[in-house]
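Please examine the model below.

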Amino acid sequence: MSFGGWKGKGGGLRYAIIGGGMAGILAAIKLKERGETNFTLFEKADSLGGTWRENRYPGLTCDVPAHAYTYSFAPHADWSAYYAGGPEVKAYFEKVAADYAIMPYVRFGAEIDDCRFDDKSSQWTVTLANGEAFVVDVIIAASGVLHHPNIPAIPGLDTFAGKTFHSARWDDSAVLDGTRVGIVGCGSTGIQILTALCDRSEKVVAFQRSPQWIMPVPQFEYTEEQREAFRKDVALIDEIRNDPRYWDNIIRFTKGITDINGPEMAAIEDTCRQNLEDSVKDPDLREKLRPNYRAACKRLIYSWQYYDCVQRPSVYVETGSIEQVEPEGVRMKDGTFHPLDVLVLATGFRADRFIRPTTVTGREGVSLDDFWSVRPSAHYAVAMPSFPNLFLLNGPTGPVGNFSLIDIAERQWVYIDQLLETIRAGRGKVVEPTHEAFEAYEARRIAAAKTTIFGSGCTSWYLDKTGVPSSWPWGYQDFADAMAAPVMSEFSFRN
Ligand code: NAP
């Protein structure tokens, strides 16, 4: 067993953070703030940024307002626009990591293959793909959910003569200007790509299996004068971050998705329906774009430009079923053929993977694959019985929707940190939720999740394989309250 390359320093608990995206960076900063120095952030790639590193597609934009998609402790005066582009978001995370001096704790090119708990020593051994192993007391799994591309099983895909690739594996050598581009999928990703290409490519064919509800939102650039003002007075940024209208929207949205026949949901649906009626002139196209499920059942698309772009003469929305991909393009079941130069698979992610394919073995040899055989879940989305001192950030059953996951992760950290404090204080060497507490929580969660808008009758990555929404099913304030203080009687402590 090798201990070379351990980045941690000093005594105290030893921590492994898995993943250098938004949540892993947060964990590193927060540990350091606590005075903990004995930790390593393991990142399999060669730079930080997580999803903002993986995704480089044209049109990539964060559809959460930029000043809200920042750590509460690291406001950023330099956002170029209300909604910021992907490269800017990635650069922000890199800057924060540098500013908070966590880079010395980061180990790149370090893919964790296995995590194994030893019952006798109450320690975890994490093993990298290269065989190196490290013994730690605590694991923070921050490896994200939208991570493993979902490649559709379309016959003939490998016969395509042009370039074809998943949206999260963008091929920079693909020529998009003046060429014919097909986009399979119209989730948040497919729609952003379409809006970027509608004026660049000669032809864009959107292969749409299900249309999307579109929430109209404003987009505007910040002027240099505004940015200068933000730099001089951080209170101006706080005003935007804490804008009651933004927070009222979040509360309304989360109330709407949990009270699906209430006035908040009705208002969301009215806005989306009216947007479609007002924006799309051609009645045939309007009907093609009209979903047959309720708004926010799939993640809402926030866009200021999709309906404009989709009506361009260069764009064709294909709603038929794909028969096969051929060397020169895509053949539909009705015989229609779309000749293409590039075929983008904006077909989403295998959202049930989380930390896997890393193998994880907890107390008494319990494997994570077995524990998650029905569905990935965790006590309050954060910890699991039989997996002592293993904590998840943005893990399964946490809040999902159209709001900042940074805020969610920060709140989860407050919960995790209180559990860690009990260990630091010597209440036990390890902490985990009891099976009884977890099972009671999970039964309540599942019952409530079925009644949320995500369970109202559509397909989406929000659903687990049994069709139950894999999300926090209560309101935003309930989440904030739950994260503010773990119920310690729901946890067991061991040495
Ligand atoms: P997605 O929402 O899962 O959408 C996948 C799309 O591919 C859907 O339109 C789906 O159709 C289609 N599809 C999948 N398999 C197919 C097949 N075999 N044949 C035809 N169509 C197929 O994936 P995504 O667009 O990559 O977005 C995933 C998530 O990433 C979002 O929900 C969001 O959370 C996040 N995201 C965020 C931003 C942001 O701005 N913050 C931007 C992009 C993505 P069906 O709907 O019929 O299944």
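Q: Why is alanine 101 called partly exposed?
A: Alanine 101 has a relative accessible area of 33%. Buried means under 20%, exposed over 50%, and partly exposed in between, with a 1.4 Å probe and protein chains only; alanine 101 is therefore partly exposed. The model is predicted, local features need pLDDT of at least 70, side-chain atom pairs count only at pLDDT 80 or more, and totals for chains, interfaces and linings use all residues. Residues are numbered from 1 along each chain as its sequence is written, and side-chain values use heavy atoms, with hydrogens and water left out.

Q: Where does alanine 101 lie, and what is its phi?
A: Alanine 101 is placed in the loop between α3 (86-99) and β3 (106-107). Its phi is positive, about 55°, although the residue is not a glycine. Helices (H or I, at least four residues) and strands (E, at least two) are DSSP runs, numbered from the N terminus.

Q: Is asparagine 394 buried or exposed?
A: The relative accessibility of asparagine 394 is 13%, so this residue counts as buried. Asparagine 394 also has a positive phi, of about 50°, without being a glycine, and lies in the loop between β20 (387-392) and α12.

Q: Why is glutamate 43 called buried, and which residues does glutamate 43 contact?
A: Glutamate 43, in the loop between β2 (39-42) and α2 (51-54), has a relative accessible area of 4% and is therefore buried. Contact means heavy atoms within 4.5 Å. Leaving aside neighbours within four places in sequence, the contacts of glutamate 43 include Gly19, Arg53, Arg107 and Phe108.

Q: What makes the pair of glutamate 43 and alanine 45 a polar contact?
A: A polar atom of the glutamate 43 side chain lies 2.8 Å from the backbone nitrogen of alanine 45. A polar contact is a pair of N or O atoms within 3.5 Å; within protein, one must be able to donate a hydrogen and the other to accept it, and residues adjacent in sequence count only if both atoms are side-chain atoms.

Q: Why is glycine 428 called buried?
A: Its relative accessible area is 5%, so glycine 428 is buried. Glycine 428 lies in the loop between α12 and β21 (430-433). The C-alpha atom of glycine 428 is separated by 5.1 Å from that of phenylalanine 493, 65 residues apart along the chain.

Q: How do you know that β9 and β10 pair?
A: Two strands pair if DSSP finds at least two bridges between them. Strand β9 (residues 180-184) and strand β10 (residues 203-207) run parallel and are joined by five bridges. Glycine 182 stands opposite valine 205 in β10.

Q: What makes β8 and β13 edge strands?
A: The open sheet has five strands in the order β8-β17-β9-β10-β13, with parallel pairing. Strands β8 (163-166) and β13 (315-318) each pair on one side only.

Q: Which residues touch the most other members of the largest nonpolar core?
A: They are Tyr71, Phe93, Leu300 and Phe391, in a core of 147 residues. A nonpolar core is a set of buried Ala, Val, Leu, Ile, Met, Phe, Trp, Tyr and Cys residues joined through side-chain atoms within 4.5 Å. Helix α12 (residues 405-424) gives the largest share of this core, nine residues.
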